Amino acid sequence: QIVDALEGKRLLLHGRIIPSLPGDLERMSEVQETWKIAAWKTYTQYGPDHSSGWWLDDEQTGRPFLEKVRASGIRTVCCHKGLPLPFPLMGEKNIGYKSCRDVGPAAKANSDIAFIIYHSGFDPDLRETAFTPGKPASGADSLIQSLLDEGIGPNSYVYAELGPTWHTGM
C-alpha cells in the first residue's frame, strides 16, 4: 500500500523465488499477481535441506526456473552471488554455489532475460585484485570470466551490482 501511494517509480519490488524449494516454482504466478513485482529475486546458495544449492544453468532447477521467468513476462532476475548466506541458512556444501560460473551459460541461453548479479560474486574470503583472464575460481572475477567464456560483452544484459559489498570491502 505504501509503494502504491508513492508518486512515480520510487521502489521496485522483487518476488523471491527459490526454485529448489518445494512449491516455489508453482507459486510464481501468485507472487506476480499479489505484489506487482518488477523482478524475480533468488539465491542459488540456498536449498531446502540447507545442504545443497543449485546453478542457474542446471537442468533440474535453473533451466525450469528461467523458463517460468520468461513465461511470466517479468524478465529480470536478481541473483545473489558471492557473499555467503548466514548459517544455518546455508550449509557448508552450499558455499561453492556463490561462484558466478553459471551466470554466463545461463545468460547466453536466455538473452531475453536481464540478469542483475547482487554482490557481483564478491567473496569476502578472497583478496580481490586486478582481473587475470583464465584464472578465477570465485570472487567478482568469476562473474567476469563466466561472461567472457560465453562471449557476453560489457553493456549487455548482465549487470554487476556492488551495493552491499562496499561495507565489507572497506
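1. A nonpolar surface patch of about 290 Å² is formed by Ile2, Leu6 and Leu11. Patches are built from residues with over 30% relative accessible area and no salt bridge, joining nonpolar side chains (Val, Leu, Ile, Met, Phe, Trp, Tyr) within 5 Å and like charges within 9 Å. Accessible areas come from the Shrake-Rupley method with a 1.4 Å probe, and for residues only the protein chains shown count as cover. Leucine 6 sits in the loop between α1 (2–5) and β1 (14–16). At 31% relative accessibility, leucine 6 counts as partly exposed; buried means under 20% relative accessible area, exposed over 50%, and partly exposed in between (1.4 Å probe, protein chains only).

2. A word on the model before going on. This is a predicted model in which local features need pLDDT of at least 70 and side-chain atom pairs count only at pLDDT 80 or more, while totals for chains, interfaces and linings use all residues. Residues are numbered from 1 along each chain as its sequence is written, and side-chain values use heavy atoms, with hydrogens and water left out.

3. Now the overall layout. The protein has 6 helices and 5 strands, and from the N terminus its elements run α-β-α-β-α-β-α-β-α-β-α. Helices (H or I, at least four residues) and strands (E, at least two) are DSSP runs, numbered from the N terminus. Buried residues make up 45% of the 170 residues. The protein exposes about 9600 Å², of which carbon and sulfur atoms supply 55%.

4. The 5 strands form an open sheet in the order β1-β2-β3-β4-β5, with parallel pairing. Because β1 and β5 (158–161) stand at the edges with a single partner strand each, one side of each is left without a neighbour in the sheet. The twist averages 25° from one strand to the next. Two strands pair if DSSP finds at least two bridges between them; β4 and β5 are joined by 4 bridges. Phenylalanine 115 has valine 158 in β5 as its bridge partner.

5. Which strands does α3 touch as it packs on the sheet? They are β2, β3 and β4, and the direction of α3 makes about 165° with that of β2. Contact means heavy atoms within 4.5 Å, and axes are lines fitted to C-alpha atoms (for helices over the stretch in contact), with angles running from 0 to 180 degrees between N-to-C directions. Residues 24 or more positions apart account for 68% of the contacts with a separation of 6 or more.

6. A salt bridge is a side-chain nitrogen of Lys or Arg within 4 Å of a carboxyl oxygen of Asp or Glu, and the count comes to 9. One of them joins arginine 101 and aspartate 57 (3.1 Å, N to O). Arginine 101 lies in the loop between β3 (76–80) and α4 (103–109) and aspartate 57 in the loop between β2 (39–43) and α3 (62–72), so the pair ties together parts that are 44 residues apart in sequence. Arginine 101 is partly exposed at 37%, whereas aspartate 57 is buried at 17%.

7. Aspartate 112 and arginine 75 also form a salt bridge, with the closest N and O atoms 3.3 Å apart. Aspartate 112 is in the loop between α4 and β4 (114–118) and arginine 75 in the loop between α3 and β3, 37 residues apart.

8. Buried or exposed: what are aspartate 102 and lysine 81? Both are buried, and their side chains meet in a salt bridge (2.8 Å, N to O). Elsewhere, salt bridges that share partners join Arg16, Asp24 and Arg27 into one network.
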